[in-house]
Amino acid sequence: MRMSDLDDMDEDKLNYKIILLGLSMVGKTKLLARYKFGVFDPTGVTTVAVDSYCVKAPGVCFNYHDTAGQ
């Protein structure tokens, strides 16, 4: 988890941890990027370990962990 993600976590919000699992090259990172940023980029780099993203909504914080599909 990145330090900025730790700063985004609020004590008064509900925090959910969501882990994306699946085989290599099936689009886990693309799905997460489409959800978080609202755009689809067909180019990209393969996830090596685990990437973490925090998506905030009123009263809730979703912590997504994008895993490498190995």
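**Notes on a predicted model**

1. At 72% relative accessibility, Met25 counts as exposed, because the cut-off for that class is over 50%. Met25 sits in the loop between strand 1 and helix 2. Its phi is near 65°, which is a positive value in a residue other than glycine. The model in which this residue is seen is a predicted one.

2. On the overall layout, the protein chain contains two helices and three strands. Followed along the sequence, these elements give the pattern α-β-α-β-β. The protein chain has 70 residues, and buried residues make up 26% of them. Of the contacts in the protein chain with a separation of 6 or more, 51% are accounted for by residues 24 or more positions apart.

3. The next point concerns strand pairing. Strand 2 and strand 3 (residues 60–67) run antiparallel and are joined by eight bridges. Within this pairing, Val55 has Phe62 in strand 3 as its bridge partner. The hairpin of strand 2 and strand 3 has two residues between the strands, and Gly59 there takes a positive phi near 80°.

4. How many aromatic pairs does the structure hold? There are two. The ring centres of Tyr16 and Phe62 are 5.7 Å apart and their planes stand at 20°, so this pair is stacked; the angle for that class has to be under 30 degrees. Tyr16 belongs to strand 1 (residues 14–20) and Phe62 to strand 3, so the pair ties together parts that lie 46 residues apart in sequence.

5. Phe62 also takes part in an aromatic pair with Tyr64. This pair is tilted, with 6.4 Å centre to centre and 35° between the planes. Tyr16, Phe62 and Tyr64 form one aromatic cluster.

6. Tyr64 counts as buried at 11% relative accessibility, because buried means under 20%.

7. The largest pocket has a volume of about 450 Å³. Its lining is made up of 22 residues, and those nearest its centre are Thr29, Lys30, Val45, Thr46 and Thr47. Two elements give two or more residues to the lining of this pocket, namely helix 2 (28–37) and strand 2 (50–57). Helix 2 supplies the largest share of the lining, four residues.

8. What is the make-up of the lining of the largest pocket by class? Ten of the lining residues are polar, eight are nonpolar and four are charged.

Notes. Residues are numbered from 1 along each chain as its sequence is written. This is a predicted model: local features need pLDDT of at least 70, side-chain atom pairs count only at pLDDT 80 or more; totals for chains, interfaces and linings use all residues. Side-chain values use heavy atoms; hydrogens and water are left out. On a 1 Å grid over the protein atoms alone, a cavity is a set of points where a 1.4 Å probe fits but cannot get out, and a pocket is an open set with protein on both sides within 12 Å along at least five of seven lines; lining residues have an atom within 4 Å of a point. Grid points are joined across faces, edges and corners, and a volume is the space filled by probe spheres set on the points. Ala, Val, Leu, Ile, Met, Phe, Trp, Tyr, Cys and Pro count as nonpolar, Asp, Glu, Lys and Arg as charged, and the others, Gly among them, as polar. Two strands pair if DSSP finds at least two bridges between them. Rings of Phe, Tyr and Trp (its six-membered ring) pair if their centres lie within 6.5 Å; planes under 30 degrees apart count as stacked, over 60 as edge-to-face and the rest as tilted. Buried means under 20% relative accessible area, exposed over 50%, partly exposed in between (1.4 Å probe, protein chains only). Contact means heavy atoms within 4.5 Å.
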